[in-house]
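Work through the exercises below with the sequence and the model open. Try each task before reading its solution.

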Amino acid sequence: MKKYIYLFLAGALITACEGPVEGLNDNPNQFTDSPISLLLNHTLLNVASVAEAEPARITAIFTDQLTGFDRQYGTLNTYSTNAATYESLWEDIFQRGITQAQIVRSKAQEGGNTQVDGIAAILEAYYFAEAALLFNDIPFSEVNNPEFPDPNFEEQESVLRGAISMLTEGASKAGSASAANNVFGTSSTWAQVAEALKARYYLALGEYQNAHSSAVAANFTSKDNDWSIKHSVANYGENLFWQFEVEQRQDYLRVQNSYMSRLLKEGEDIYRGNAKTDESSRYDYYVSSANGLSYNTTDGFAAQTASFPVISFEEVQLIRAEAAARLGVTDDAIAAINAVRASNAVKHGATYDAYVLADFEADGMASNGQSTVSMALIHEALFEKYCSVIGLPVFQDVLRTNNAIGVPIKNANETTIPQRFIYPASEEASNSNFPGFVDQMVKTDIYN
Amino acid sequence: MKKRINLLVTLLSLFLFQVAVAQGKTITGTVVDESGVPLPGATVLVQGTSNGVSTDFDGNYAIQAEVGQTLEFSFVGYTKQFVVVGSSDTIDVSLALDNALEEVVVTALGLERKKDNDISSATLIKSENIVKSGETGLLQGVAGKSSGVLITQTSGDPGAGAFIQIRGQNTVLGDSSPLIIVDGVPISNSNFGSSTAGVVQQSRLNDIPASDIASMTILKGAAAAAVWGSGAANGVVVIQTKRGLAGAGRLDVNFSTSISIDEVNREHEKQGVFGQGARGVWSSNASGLSWGDKIADRAGGSDTFNTSGPYFVGDVTGATYYPVTEKNSREVFNQVNRDMIFRTGLQQNYNLGINFSASDKSSTYFSYTRLDQKGVINGLSDYDRNTFRINQTNKLSDKIETRINTSFINIKSNRIQTGSNLNGLYLGYLRTAPDFNNTDYIGTYYTGPDDAVGRPNSHRSYRNRQIGEAAGIYNNPGWTINEVTNPNEVMRFTVAPEVNVTLSDNLKFTGRYGMDFYVDRRENYYPANSSGDWTRGGFYKNDYSETVQNINLFLNGNESFGENFGLNYVVGYVLEQNDYYRFSSSTNVFLNPDPSKQLVGNAVNGNILADEYKSKEVKNSAYYSLSFDLFKNLLVDVAGRLERTTTLTDLNFYPAVTAGYVAKESGSGALSFLKLRASYGQVGISPSLYLNASNFITSTAGSEGWGDYIDGANYGGTVRRSDTQGNPDLKVERVTETEFGFDSRFFDNKLSLGFTYYDRLTTDGILSVEVPATTGFTSRYINAAEISNTGVEFDFSYDLYKSGDFSMNLFGNFTAYKNIVEKLPDVSRVVLSGFTSTGSVVKEGEPFAAIFGGAYERNADGSIATDASGFPLIADEQAVIGDPNPDFRAGLGMNLDYKALNFSFLFETSQGNDMWAGTQGVLNYFGIHPNTANESVAPVDLPIYNSSNVIPAGTTFRGNVGDFGGGLVALQEDWYRTNGGGFGDLDEQFIQDASWIKLREVSLNYQLPNSLLKTVGAKSGQLGVAGRNLLLITDFVGVDPEVNLTGASKGRGLDYFTNPGTSSVLLNLKLNF
């Protein structure tokens, strides 16, 4: 019997030896670290997930720039959303955006690369600010920190202010470096992009003086300043609106009968064309000439290789115009509006003659139904932005102004369009500091 | 024939040789069965020697033996008989049919053990019972034959895999399939690549033809499996392949063939009342909906066309198609479109098995099996399998015996795309409008009368303005089954040498090596003009290879310490290694769209991508298994395994203790036999590879859930830290089980009953827990889940009647289990399979694989909450809406023998299991489901969904009158196209009871008479006819509720445009020479 016990012990000893199993759990298929340049490039690329992808489509449906038509988008057109709708956006912002920006920043700081630190700071600020605008309170100072497994939610306004100071910091570090790179095309520097974004967020906060100052400082003088995501004919390099309609989800999303298309369509009661303005080319820019229902994927905003502006010349000028009008600086407001119109004339090859003060007076062609020049200018800026910028910035305008431009409510049971994005169920399930769900029809704090 | 004669001469000379050297005398006699019918081919062996012969056609034999030696008479299916050679030169014996007394099971180490001495809850399924089923898949052939074993086929596609679940499910992330041991060595049973789209995958276990199998033992309990440690948490299936039979000069040739005819067993119905379009108006381009005009109200005659512009000439009929300007035709094409995609499937199976022993020192089993199957889908759907096996045993000396089992398997198959997939068969077929004829799916598109060239290989379908001007939004089903190709080839080689050394009378050493190597090459080719991503073509190749190797060395011996204490022991060492490799390439946007050649290089560089995955996993273990035999009636087994694995470099120990008490073993009387048993055991599941570290991965941006995204590769390369945080401290997932049961026989062994209760708990289940995205990760691996699994299993067999030529046996089994996710901390749910909106999930406190999705908002009393109009409100949060686990499953069968006839049938049922009728939901949306074609008269003013309008009382409208508890409402287009349809948020309305009863198999076999057999020189033969799944009783509509969207995966209970199941009738012939 003894000998067998020895045998078993021998077997056990062989087993006890780690040799055969050691070191095999080192993943041969994945990298476990990365050079900073690729991480930064990701952080840039990921901006598309927020600005150009699903969030842009949803907000464009809410503001009736576009129409949710088929399948799930038909339901979305009546504002039917739930805690699952924004799950991936939340991840795109916090995990794929902010976290990666912070990894870049810590690597840059370790390596003493101030410029990359600054660029990453601007991107981090962008993600924070856009998230705060859409979701209200969000985690800020406790994000991506192993010490905080359940990050606390901080107030919307303080997040926005934190983001703005991060933009200032980023601009000072990245400064005069060009904001053009593998992902973005632009003639602007990082400092200009940072100022332009600051203008957007000051406007959201209703701080018109600061918004105006930043818009001026951004110094976006032409479409070349647009900070735009580049697209190409390469598979999965194409414009996302183009991919969505042409390759993935034909007819889910249309422009058919949308408020925006009617504003631009000759013959409609609300047509914005007048003696100085011919919107027919811009209509064609958005609407497919093939069927009049789909959006234009041939030579319009959703063409295969059309760049998608994250912040554009038009937006910056119209922030300046609105802020100036609200500050009573009428001339500057008119100048900014005319700058956009001049650009439109080139872009669309159509008539956009310069407006003069009289055009904004009560019976002027650009009074927008308003009785005062300043209100006419504010509305002109809002309408013009509504017709030039697709997605998130316009959604914020409608929320901030209590729907001053009269976007139709597409659900008979509601009195407003959705005012915010609902927090995702994943955060509720896993974060003990989750503040609770708030209905999408409740305004966010800064607009309350 | 000449060969046969040669063989006979050889045999004869061997026989003569034996006569020459043997001492003693010649015994002659006849072997018959209980009714006196001679048994040809029965074995007569002189015990303790290798001297043996077979009986001839008339059951006669002659053998050399000495007085005092024992002759052993055996025949498959009969009880062995032993007769001591006395003075008489004639020994006639009558063999009794085998019964439970002689049943054996095979232990986890591949050693045989008498069932009566086995104290585990193992079930043995005999080869003939699997073969008789007529199933080409080994797994499917086991369905309904044992309690505690759930076999779920994935679809009726040729070669489609099946899910085998022993007891409940035990793990969220780990491998969920049982360990498969063939002739003592583990083989691969991998199943990868199952998802909501693509093609249905195979199960590697189904590579083995049923005809090569001698027996299959299913070890359900943890205690019986503990010697395999972390590989055995899901049970063990022990397969013994056929061996060459002992006996010098022996030659048995078995030939069998079967032809099977398969039909789709359940189909979705489509309405044929309303045409394509929306809002009651015909349109050829209305998002593919069939909410158009009433076909019967059309003018009739032929449609009006616009012949001035583009047109299409079909390749199938040669017809020319112009855009329709006015729809006049009242033709409905549902039947035409149906007949285009289905056919009668055909399977041909040939098997040749040869048992041969050239001398008393060796025996050989050789077999060749060919299966040639054409599927029920009328296109590129087939499965062609060739299998060779050689099992060779050699006796090198009295003390050393070697065995080498080898097999080679080659499978070629073509498969059809299924599921949630623009290129899926059902998606395009079922959504096709009733007034569109799919026949001409391919042809040449001309831009107008002046276009002389045209564009060949254009794709015409009901959603692309119907003249093939662009790729279909969904494939025309003709395109899916004929143009999109999904070939697959498997080459598999197994070799398992073994040496047995007898060290002493009571001690044997066994050394075994096993290698199972296969390559699985899969391709998917989407010609240009296919739907979705492949309007410009796509070609995907995946080459998988896996090598499973192991070395197993053990000592097997027994000791006796007086009458009351016996010990049988096994101690051993095993080293297991698994190497896996995948290489994939994708080619998108073809440079040359000509489909005649499928070339990886047919695209610009940026559109040709390659990818690979490799892994290596090792387990290093020592084990023991001790069986004590105490005071005759008490049996105690103690087993254990000490193990290190790649992911668990610390030692883990898996113990097992089993005790059995034979309370009665007289073998006769009202209670003929009773054995009580109890066991406790632990097995485990190793953490998957590479969960120990966070990765940095290449990235994309956009909305991948919708399909639109930009790839960082097009932007100079992008990398991000992955969503999942690695955890280097993961422990084993431990499954602990306690089991009680008894095996009993009553009324002189006529009735046998087995019962088992088990209670198992998985602790430290590994989970990827959701962590807030705000922490920088979205998930993290931790040991946290607890899954409980309790159940009862019951098997019985009753010889209802047995007299003379006639016998009648009733058998059955019953299984009920509860499989609950007890703990799932920090995770709202884990989706096992399906969609984010509706899926099969694990969720704390809910049954494993529960169906999760959008639910009704409920009032406090549980009734459905409705809005002011009476339509249901949808709960803010999704919830568990169904349980795909059955309340119970049962099988009931009967076996009737009358003379040369055998008739048997087996019913199987699953009761109380839910299924998500995803297909039906979507067919509601499209206005295809027959329910949506009902015409109703509004009894009162009926509210319309999401609208302030009503349908005035007395108005006839298309749709139904519904009542959710808040008054009558109109269920019409507005409802079905939003939340009354499958794209809405109310999934709960599509959860249906999917209980079913199936006539799983029925067979009639006839033993061919000797007179006939003699004419072909056969010893025995059988002709039979069998049916498979001929009857299906279920309330679930449209598809066999056994199919599953994600195939052989942990997630269950989802139907979403899944290819259909089948029923079969087969004829078979077996001859034994």
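Helix axes are lines fitted to C-alpha atoms over the stretch in contact, and angles run from 0 to 180 degrees between N-to-C directions. The model is predicted.

**Exercise 1. Describe how H15(A) packs on H16(A).**

Step 1. Take the geometry. Helix H15 (residues 330–348) of chain A and helix H16 (residues 373–388) of chain A pack at about 25 degrees, and their axes are 11 Å apart.

Step 2. Classify the angle. Angles under 35 degrees count as roughly parallel. H15(A) and H16(A) are therefore roughly parallel to each other.

Step 3. The crossing of H15(A) with H16(A) is left-handed.

Step 4. List the residues that meet. H15(A) brings Thr330(A), Ala333(A), Ile334(A), Ile337(A) and Val340(A). H16(A) brings Val373(A), Ser374(A), Leu377(A), Glu380(A), Ala381(A), Glu384(A) and Ser388(A).

Step 5. Sort them by class. This contact of H15(A) with H16(A) has 7 nonpolar, 3 polar and 2 charged residues.

**Exercise 2. How many residues of H17(A) are buried, and what do they pack against?**

Step 1. Apply the cut-off. A residue is buried if 20 or more other C-beta atoms lie within 10 Å of its own.

Step 2. Count. In H17(A), 9 of its 9 residues are buried. They are Leu392(A), Pro393(A), Val394(A), Phe395(A), Gln396(A), Asp397(A), Val398(A), Leu399(A) and Arg400(A).

Step 3. Find the partners. The buried residues of H17(A) pack against H3, H4, helix H7 (114–135), H9, helix H14 (313–327) and H16 of chain A.

Step 4. Zoom in on one residue. Val398(A) sits in helix H17 of chain A. Val398(A) counts as buried because 22 other C-beta atoms lie within 10 Å.

Step 5. List its contacts. Leaving out residues up to four places away in sequence, Val398(A) touches Thr63(A), Asn403(A), Ile405(A), Val407(A) and Ile417(A).

Step 6. Val398(A) and Ala350(A) are 48 residues apart in sequence, and 27 Å apart in space from C-alpha to C-alpha.

**Exercise 3. Where do Asp64(A) and Asn402(A) lie, and is each buried or exposed?**

Step 1. Recall the background. Most residues other than glycine have a negative phi.

Step 2. Read the angles. Asp64(A) is not a glycine, yet has a positive phi of about 60 degrees. Asn402(A), also not a glycine, has a positive phi of about 55 degrees.

Step 3. Asp64(A) is in the loop between helix H4 (54–62) and strand S1 (67–68) of chain A. Asn402(A) is in the loop between helix H17 (392–400) and H18 of chain A.

Step 4. Asp64(A) has 24 other C-beta atoms within 10 Å, so Asp64(A) is buried. Asn402(A) has 9 within 10 Å, so Asn402(A) is exposed.

**Exercise 4. Which elements of chain A give two or more residues to the side that touches chain B?**

Step 1. Size the interface. 79 residues of chain A are in contact with 82 residues of chain B.

Step 2. Name the elements. They are helix H1 (2–16), helix H2 (36–45), helix H3 (47–51), helix H5 (71–76), helix H6 (87–111), helix H11 (240–248) and helix H18 (425–430) of chain A.

Step 3. Pick the main contributor. H6(A) gives the most to this side, with 9 residues.

Step 4. Sort by class. The side of chain A that touches chain B has 33 nonpolar, 33 polar and 13 charged residues.

**Exercise 5. Summarise chain A as a whole.**

Step 1. Chain A has 18 helices and 7 strands.

Step 2. Its C-alpha trace spans about 110 × 50 × 45 Å along the principal axes.

Step 3. Of the 448 residues in chain A, 56% are buried.

Terms used:
Residues are numbered from 1 along each chain as its sequence is written. Chains are lettered from A and ligands numbered from 1 in the order in which they are written. This is a predicted model: local features need pLDDT of at least 70, side-chain atom pairs count only at pLDDT 80 or more; totals for chains, interfaces and linings use all residues. Two residues are in contact if their C-beta atoms, placed from the backbone, lie within 7 Å. Helices (H or I, at least four residues) and strands (E, at least two) are DSSP runs, numbered from the N terminus. Ala, Val, Leu, Ile, Met, Phe, Trp, Tyr, Cys and Pro count as nonpolar, Asp, Glu, Lys and Arg as charged, and the others, Gly among them, as polar. A residue is buried if 20 or more other C-beta atoms lie within 10 Å of its own, exposed if 12 or fewer, and partly exposed in between; C-beta atoms are placed from the backbone. Angles under 35 degrees count as roughly parallel, over 145 as roughly antiparallel, 65 to 115 as roughly perpendicular and the rest as oblique. A crossing is left-handed if the near helix is turned anticlockwise from the far one by less than a right angle, and right-handed if clockwise.
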